Amino acid sequence: MTAALAASTLLAGGGALAQDALSGDLVIFSDMSNPAPRAVMEGMVERFGEMHPDLNIELTVIDREAYKTQIRNFLTANPPDVANWYAANRMLPYVEAGLFADVSDLWAEPEIAENLASTRGALTVDGAQYGVPYTYYQWGVYYRADIFDELGLEEPETWEEELANCQAIIDSGRKCYTIGTKFLWTAGGWFDYLNMRTNGYDFHAALTNGEIPWTDERVRQTFANWRELIDMGAFIDDHQTYSWQEALPFMVNGEATSYLMGNFAVAPMREGGLTDDQLGFYQFPVINPDVELAEDAPTDTFHIPSGAENPEAAREFLRFVVSPENQTLINNGENLGQLPVNASSSVDDDKFLQEGFEMLSSNAPGGIAQFFDRDAPAEMASVAMEGFQEFMVFPDNLDDILERLEEARQDIY
């Protein structure tokens with residue numbers, strides 16, 4: 001399997017790979033420290049090394065939490081040739097500090113430009129690209145298909161259909177959505193989708209980047225749409241007392257019918273006793289038909305530090321990482337169990353991974369957001385998500401909440 005994959009990847013890369021032998025040292029620092037990701041990283045290094053026998057690859061795997069505190073130091077003082085990190089705002093400080101190299105030349109290659117188009121925006125700063133993606137996973141609305149069937153409901157495609165479904169669910173004695181906002185970030189997911197569907201990805205990115213006041217009328221419209229659901233009683237009661245896991249039983253028991261969540265929620269739903277016949281998935285519906293659909297899909301990435309000593313080999317490694325064959329292998333159920341970003345990859349034979357890949361590859365023209373607490377600086381994300389939770393409990397406090405968020409924006413950015 002390894003030899004066949006290496007050969008196919010070599011051929012897929014084009015003639016340059018076959019003609020230009022790589023040599024010297026390729027130093028890679030990785031935060032893929034948990035057992036499955038570490039095996040994936042070690043496997044990629046092994047296969048790439050077989051393709052380039054004259055290249056000496058030195059892989060250093062650092063504990064993920066320690067990596068977060070060490071990255072700026074090693075990028076500044078002793079940079080490797082390749083380093084793991086994350087897209088969007090998590091990447092921005094290192095781009096602005098001149099620590100990540102511009103790899104726009106890779107994104108100009110048709111195979112990369114076409115097959116990775118969904119994440120281009122998340123890796124772009126001022127029109128240039130600074131890394132490549134290797135894995136992501138979808139967010140969306142997971143729902144009780146059996147209850148939808150009982151009530152005669154279809155998957156909604158528009159906001160009006162979402163609201164009509166929700167009213168029918170409430171009339172049946174259930175809540176529309178389960179959610180646990182105890183740790184705040186789940187409310188961030190709701191804000192992401194409502195804002196991207198109301199105002200579009202570019203507006204959302206500008207807002208999380210501090211370029212738009214929180215008191216802007218377009219932000220208020222996002223909250224107005226959210227309030228429609230709150231005033232209906234769409235969400236479970238006392239959600240601020242539950243973690244996201246503690247909110248799962250409401251859906252498993254049929255007291256709530258849907259959960260806006262990442263694909264990682266599927267496994268505990270199955271473990272809770274729900275079958276794939278009882279579970280469905282749909283893309284968050286259109287609110288404003290004038291904006292293109294954008295999605296939350298947290299993306300993990302590889303970058304070339306500006307101080308890399310072997311940038312030629314580093315670029316070749318990034319080409320290998322994003323190849324359809326490699327992304328098919330590393331994301332399958334036996335490895336990462338997530339989604340390949342490359343649109344030409346094959347996806348593990350799982351109902352929800354298949355649906356998520358189709359959505360992100362074919363129906364996310366607006367762009368891929370990284371999630372609120374990745375797209376906004378940590379301090380702003382904390383203040384804002386506290387405000388989101390407060391709004392869900394006390395929607396009449398909106399003016400005070402937005403004033404606090406605007407004060408924070410002016411202090412932080």
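## Worked exercises on a predicted model

Five of the five residues of strand S12 (residues 299-303) are buried, so the rest of the structure largely encloses this strand. The model is predicted.

**Exercise 1. Work out which way each residue of S12 points, and which strands pair with S12.**

Step 1. Apply the pattern to S12. Thr-299, Thr-301 and His-303 point one way. Asp-300 and Phe-302 point the other way. Both sets are buried.

Step 2. Find the partners. Strand S3 (residues 82-86) runs antiparallel to S12 and is joined to it by four bridges. Strand S6 (residues 132-136) also pairs with S12 in the antiparallel sense, over four bridges.

Step 3. Ala-83 stands opposite His-303. Tyr-136 stands opposite Thr-299.

**Exercise 2. Compare the span of helix H3 with the expected value, then link H3 to Asn-326.**

Step 1. Take the length. H3 (residues 35-51) has 17 residues.

Step 2. Compare the spans. From first C-alpha to last, H3 reaches 25 Å, close to the 24 Å expected at 1.5 Å a residue.

Step 3. Pick out the buried residues. In H3 they are Pro-37, Val-40, Met-41, Gly-43, Met-44, Val-45, Arg-47, Phe-48 and Met-51.

Step 4. Recall the helix geometry. An α-helix has 3.6 residues a turn, so residues three or four places apart point the same way.

Step 5. Turn to Asn-326. Asn-326 sits in helix H16 (residues 324-330). Its relative accessible area is 0%, so Asn-326 is buried. Leaving aside neighbours within four places in sequence, Asn-326 is in contact with Met-44, Arg-47, Phe-320 and Val-321. Met-44 and Arg-47 are among the buried residues of H3.

**Exercise 3. Describe the setting of Asn-363.**

Step 1. Locate the residue. Asn-363 is in the loop between helix H17 (351-362) and strand S13 (367-369).

Step 2. Classify the residue. With a relative accessible area of 35%, Asn-363 is partly exposed.

Step 3. Find the contacts. Not counting residues up to four places away in sequence, Asn-363 touches Gln-283, Leu-293 and Glu-358. The side chains of Asn-363 and Gln-283 make a polar contact (2.7 Å).

Step 4. Asn-363 and Phe-203 are 160 residues apart in sequence. Their C-alpha atoms are 19 Å apart.

**Exercise 4. Find how many cavities of 30 Å³ or more the structure holds, and say what lines the largest cavity.**

Step 1. Count. A search of the whole structure finds one cavity of 30 Å³ or more.

Step 2. Size. The largest cavity holds about 40 Å³ of space.

Step 3. Lining. The lining residues are Phe-148, Pro-156, Glu-162, Asn-165, Cys-166, Ile-169, Cys-176, Tyr-177, Ser-258 and Tyr-282.

Step 4. Assign the elements. Helix H9 (159-171) and strand S8 (175-177) are the elements that give two or more residues to this lining. H9 gives the most, with four residues.

Methods
Residues numbered from 1 in each chain as written. Predicted model: local features only at pLDDT ≥ 70, side-chain atom pairs only at ≥ 80, totals over all residues. Heavy atoms only, no water. Buried < 20%, exposed > 50% of the residue type's maximum accessible area, 1.4 Å probe, protein only. Pairing = 2+ DSSP bridges. Contact = heavy atoms within 4.5 Å. Polar contact = N/O pair within 3.5 Å; in protein donor to acceptor, adjacent residues only side chain to side chain. Expected span 1.5 Å × (residues − 1). 1 Å grid on protein atoms, 1.4 Å probe; cavity = no way out; pocket = protein on both sides within 12 Å on 5 of 7 lines; lining within 4 Å. Points joined across faces, edges and corners; volume = space filled by probe spheres on them.
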